[in-house]
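User: Could we go through the strand pairing in this model, and then a few individual residues?

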Amino acid sequence: QVQLVESGGGLVQPGGSLRLSCAASGIIFSIDIMGWYRQAPGKQRELVATITSGGTTNYADSVKGRFTISRDNAKKSVYLQMNSLKPEDTAVYYCNAEIVSYRGRRDYWGQGTQVTVSS
């Protein structure tokens, strides 16, 4: 069974940093786009950043210059380095990946990790 497991969330003061990690497990043939999304209370889930298997990245305007997405294909993992955090970055962050397995090509989501930016 394919799963995505996130880690690294927590409470941080404004201006601080956090690093989120997400690892895929199970019998996986390939992983295409991986990414991070977030959902704040009362708001829709929104894209934060994505990265292709070749390393091409895409960021939401609100995080450009502050967040960096990266991946380790050998470890089937994606990371999100978050710097200069702001209170408006507070949300549940979800890992997403397009994975090819015995079940074909499907979209998978992690369980979410809470990031709270507050003094």
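**Strand pairing and selected residues**

Analyst: Six bridges pair β3 with strand β8 (residues 77–82) in the antiparallel sense. Two strands pair if DSSP finds at least two bridges between them; strands (E, at least two residues) are DSSP runs, numbered from the N terminus. This is a predicted model: local features need pLDDT of at least 70, side-chain atom pairs count only at pLDDT 80 or more, and totals for chains, interfaces and linings use all residues. Residues are numbered from 1 along each chain as its sequence is written, and side-chain values use heavy atoms, with hydrogens and water left out.

User: Which residue does Cys22 stand opposite in β8?

Analyst: Cys22 stands opposite Val78.

User: What is the strand order of the open sheet of four strands?

Analyst: The order is β1-β3-β8-β7, with antiparallel pairing. Its edge strands, each pairing on one side only, are β1 (3–7) and β7 (67–72). From one strand to the next, the twist averages 15°; axes are lines fitted to C-alpha atoms, and angles run from 0 to 180 degrees between N-to-C directions.

User: How many bridges join β4 to β5?

Analyst: Five bridges join β4 to strand β5 (residues 46–51), and the two run antiparallel. Arg38 has Glu46 in β5 as its bridge partner. The hairpin of β4 and β5 has six residues between the strands, and Gly42 there takes a positive phi near 75°.

User: And what does β5 pair with over three bridges?

Analyst: β5 pairs with strand β6 (residues 57–59) in the antiparallel sense. The bridge partner of Ile51 in β6 is Thr57. This hairpin has five residues between the strands, and Gly55 takes a positive phi near 100°.

User: Changing topic, where is Pro14 found?

Analyst: Pro14 lies in the loop between β2 (10–12) and β3 (18–25). Pro14 is partly exposed, at 41% relative accessible area (buried is under 20%, exposed over 50%, partly exposed in between, with a 1.4 Å probe and protein chains only).

User: What is Pro14 in contact with, leaving aside neighbours within four places in sequence?

Analyst: Pro14 is in contact (heavy atoms within 4.5 Å) with Leu85, Pro87, Val117, Ser118 and Ser119. The C-alpha atoms of Pro14 and Ser118 are separated by 6.0 Å, although the two residues are 104 residues apart along the chain.

User: Lastly, is Phe29 buried or partly exposed?

Analyst: Phe29, found in strand β4 (residues 28–39), counts as partly exposed at 49% relative accessibility.
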